[in-house]
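Reader: I am new to this structure. Please show me how to read its features.

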Amino acid sequence: MAQPIEAPNKNAAASLTIHLAGRYWAFLSVFPLFLFGFVVFFGAAFFAVSLVMGEPLDAFDIILAPFATAALCLGLLLGTTLWILRWHGRRSLEILETGMLYTQGKREPVFVRWTDLNAVELRYAKPNIIHCTLKTPFWEFSFSNLDLNLVRRVPFSQVFEEGFRVDRVRQFLFLLKKMAPQLEWRLGTSFQSRYQIFYPPYDLERLV
């Protein structure tokens with residue numbers, strides 16, 4: 001599904017491009033299940049009301065207005081959420097031989113040399129999300145293992161199996177160690193507690 005992470009070489013323009021679209025693809029994968037639950041909920045409500053009233057047509061009239069209102073509000077909410085996630089996913093970071101190229105939509109890309117990369121921050125959030133933030137004197141770029149793992153829509157059953165993997169984060173951090181050895185490693189308490197990593201990059205092997 002996702003491209004392997006390797007050290008940059010002179011024969012390739014970019015060994016890795018990180019797009020902030022992981023949550024967008026995860027949302028699209030979960031959406032059919034969410035829609036199914038919405039329909040089942042109102043179907044059960046219709047069945048319960050029809051049993052109480054004893055007349056399916058009257059029950060349909062009672063359920064129709066709340067169902068239509070909820071569908072409209074939900075449609076607006078989901079549409080807005082998808083637009084925001086898609087817009088957010090237009091930002092990307094290309095890993096190059098000499099540095100990183102940060103692109104935000106149609107804006108002019110920003111190039112940062114490896115020597116200008118000051119710090120990397122790592123945080124953990126349930127159920128199994130690792131947030132990684134790269135800091136420079138000019139900007140910062142944050143992404144998660146969802147962004148590294150999900151590059152397209154996948155079946156719902158694969159969202160948790162593929163999206164929350166941490167091996168690609170570990171590979172990326174080893175790549176940072178090689179390209180920017182001057183990095184300061186900042187670990188959140190949640191990250192340290194979850195993975196028992198206290199002295200990166202020397203104990204990154206524990207990130208499993």
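**A hairpin and some aromatic pairs**

Author: Strand 6 and strand 7 form a hairpin, with four residues between them. Keep in mind that this is a predicted model.

Reader: How many bridges join strand 6 to strand 7?

Author: Five bridges join them, and the two strands run antiparallel. Strand 6 covers residues 129–135 and strand 7 covers residues 140–144. Take T133 as a case: its bridge partner in strand 7 is S142.

Reader: Now the rings. What describes a pair of aromatic rings?

Author: Two things do: the distance of the centres and the angle of the planes. A search of the whole structure finds eleven aromatic pairs. In one of them, Y124 and Y195, the ring centres are 5.8 Å apart and the planes stand at 90°, so the pair is edge-to-face.

Reader: Which parts of the chain does this pair link?

Author: Distant ones: Y124 sits in strand 5 (residues 119–125) and Y195 in helix 6 (residues 189–195), 71 residues apart. Both Y124 and Y195 are buried.

Reader: Why is the pair of F156 and F160 edge-to-face?

Author: Planes over 60 degrees apart count as edge-to-face. The planes of F156 and F160 are at 85°, so this pair qualifies, with ring centres 6.0 Å apart. Both residues lie in helix 4 (residues 156–163); because they are four residues apart, about one helical turn separates them.

Reader: Are F156 and F160 buried or partly exposed?

Author: F156 counts as partly exposed, at 34% relative accessibility. F160 is partly exposed too, with a relative accessible area of 48%.

Reader: Which residues form an aromatic cluster?

Author: Y102, W139, F141, F143 and F172 form one.

Conventions: Residues numbered from 1 in each chain as written. Predicted model: local features only at pLDDT ≥ 70, side-chain atom pairs only at ≥ 80, totals over all residues. Heavy atoms only, no water. Pairing = 2+ DSSP bridges. Phe/Tyr/Trp six-rings, centres within 6.5 Å; stacked < 30°, edge-to-face > 60°. Buried < 20%, exposed > 50% of the residue type's maximum accessible area, 1.4 Å probe, protein only.
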